[in-house]
Amino acid sequence: MLRRIVVMVVAAFATLLVDAGAGRGVGGQIGRRGRQQGEADPGYWVGLSLGYVDGTTINDGDTGTTWQFGYTAQIRATLEKTLQRGVTFGASAGFSDAPLTYVSGFADPHSGCVAACAARANITQLMAFVHGGGSTGFHFVYDLEGGVTEFSDFRTSSTQTSLPPSSKYDFTFGFGGGLGYGFSQISDIYVSEMSDLVLHPSNGASTTAPRLFQFRAGFRVGF
């Protein structure tokens, strides 16, 4: 699955580069579509990114389990509305299938994971965000985001046996920044690093909220 995601993102980047180059070539002939200083940004943007998510440990107070997540990839889609030049408000949906060491605690021993075992779980993030930064050429970007993170479909890696809990939604907020490059008024790429704080109830099992660190590379197209 990860290989398919990487291929999709690389293909999308290649298409974007070709389209941007073609657009600049046409612009040179008939004088259209460079991002000029006084020209308004597109009203809306759509985008796609691939993220590299750092591992984190989460203590779940409801089940008494501990989830020691490893590194994983996240595919993320975005829709944004321009608020003013260089500033947008948007919504995003991100998904990853993450490996973890599942420490069962007082979970049902019939689950197939009596003490600890290799497992997998889905991590879904539904976020609203403000994105800043944008111009032709290189520029800095920043993001502020808030929403929910869902942990679901816990199962053992070996037998795919389901593990508790069935689903968990946690309020999440974060911030980050990076570097972008605008090809034209309606297309740009970016790389950024995000730090998300996940407010997961641990019932005293830990004193600090877990963080999800993500490195993202993506593109946006305006319309």
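Two strands are said to pair if DSSP finds at least two bridges between them, and this idea will guide the whole tour of what is a predicted model.

Begin by selecting β5, residues 87–103, together with β6, residues 116–132, and look at how these two strands lie against each other: they run antiparallel and are joined by 17 bridges. To find one of these bridges, highlight Ala93, whose partner in β6 is Leu126.

Next, select β3, residues 65–69, which pairs with β5 in the antiparallel sense over four bridges. Within this pairing, Trp67 has Tyr102 of β5 as its bridge partner.

Keep Trp67 and Tyr102 highlighted, for both belong to the largest nonpolar core, a group of 17 residues. Which residues of this core touch the most other members? They are Trp67, Phe69, Leu100, Tyr102, Phe151, Phe154 and Leu163, and showing their side chains together is a careful way to view this part of the model. To see where the core comes from, colour β3, β5, β6 and β7 (137–156), each of which supplies at least two of its residues; the largest share, four residues, comes from β6.

Notes: Residues are numbered from 1 along each chain as its sequence is written. This is a predicted model: local features need pLDDT of at least 70, side-chain atom pairs count only at pLDDT 80 or more; totals for chains, interfaces and linings use all residues. Side-chain values use heavy atoms; hydrogens and water are left out. A nonpolar core is a set of buried Ala, Val, Leu, Ile, Met, Phe, Trp, Tyr and Cys residues joined through side-chain atoms within 4.5 Å. Buried means under 20% relative accessible area, exposed over 50%, partly exposed in between (1.4 Å probe, protein chains only).
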